[in-house]
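Let's take a friendly look at how parts of this chain are held against one another. Please have the structure open as you read.

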Amino acid sequence: MEIRASTVLPARREPIELHTGDGLTLVGELALPADRPPVATLVCLHPLPTHGGMMDSHVYKKAANRLPALADLAVLRFNTRGTTSERGTSQGAFGAGEDERLDVAAALEYADFHDLPRVWLLGWSFGTELALKWGRDPLVEGAILLSPPLHRATDADLDAWAEFGRPLTAMIPEFDDYLRPEQARERFARVPQAEVVGVDDAKHLWVGEPYVRIVLDRIVLRVNPAAHPLPTELPAGMAAEVPGS
């Protein structure tokens, strides 16, 4: 059976709460492989909440639905301060990417306290800015950036990541609204360990199953290459979950 946009594969899914240094409670979910420990962890930083971004933004929802089963990854998603999704609303108010430094720290603290292995940041749009500005933590093995606008994150942040020395992969849609592959290669040239991946025909929001597959494949290639490439059909013996069951 083909893996489709709506496919949900087996996992242990736990509602979680994160607690920030300024006293807020953030809501989220941790998805783990169903019957074995994860080999690595994705901490997902979502797109701009003032424009609809949240922990359920579609690439992240599909990552949580597939990658624990197909690639043995833990997927930690959460709503930054003031953001609402089906899981609920995180306390606080949008902080324009500054106060959210405490949200990133809370997510990493959760991963550390719960012994989640090999933590990678996965940022998308606004979330890439949070990763670059606030993700330079010793716990972090590297970061994967989807559609980075490089608005809030400056050359100084790129220089700091270069000094941080951890791997960085930037996936840039050919028709992005903010930063296209040629510009991205110029901007990220100041980070020697950065890999810039241009994706033909893609747009900022990665709409369409073919683009989601490209993104998830690249994530797995970077974080758990033993599970690459991801299958497009359900593996033998694995059944998709029925939503609501």
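Which side chains meet in a salt bridge with an N to O distance of 2.8 Å, one of them being E29? In this predicted model, the side chain of E29 pairs with that of R77. E29 belongs to strand β2 and R77 to strand β4, so the pair links parts of the chain 48 residues apart. E29 is buried, with a relative accessible area of 16%, and R77 is buried too, at 2% relative accessibility.

The count of salt bridges comes to 20. Here are some of them:

| Pair | N to O |
|---|---|
| D22 and R81 | 2.8 Å |
| E29 and R77 | 2.8 Å |
| E98 and K133 | 3.7 Å |

D22 sits in the loop between β1 and β2, and R81 in the loop between β4 and β5, so this pair ties together parts 59 residues apart in sequence. D22 counts as partly exposed at 39% relative accessibility, whereas R81 is buried at 4%.

E98 is partly exposed at 38% relative accessibility, while K133 is buried at 13%.

Now to helix α3 itself. Eight of its nine residues are buried, and these pack against several elements, including α2, β7 and α4. The axes of α3 and α4 come within 8 Å and cross at roughly 55°, so the two helices are oblique to each other. The crossing is left-handed. A131, L132 and K133 in α3 meet D157, L158 and W161 in α4; these contact residues divide into four nonpolar, no polar and two charged.

Conventions: Residues numbered from 1 in each chain as written. Predicted model: local features only at pLDDT ≥ 70, side-chain atom pairs only at ≥ 80, totals over all residues. Heavy atoms only, no water. Axes fitted to C-alpha atoms, helices over the stretch in contact; angles between N-to-C directions. Helix = DSSP H or I, 4+ residues; strand = E, 2+ residues; numbered from the N terminus. Parallel < 35°, antiparallel > 145°, perpendicular 65-115°, else oblique. Left-handed = near helix turned anticlockwise from the far one by under 90°. Contact = heavy atoms within 4.5 Å. Nonpolar A, V, L, I, M, F, W, Y, C, P; charged D, E, K, R; others polar. Buried < 20%, exposed > 50% of the residue type's maximum accessible area, 1.4 Å probe, protein only. Salt bridge = Lys/Arg side-chain N within 4 Å of Asp/Glu carboxyl O.
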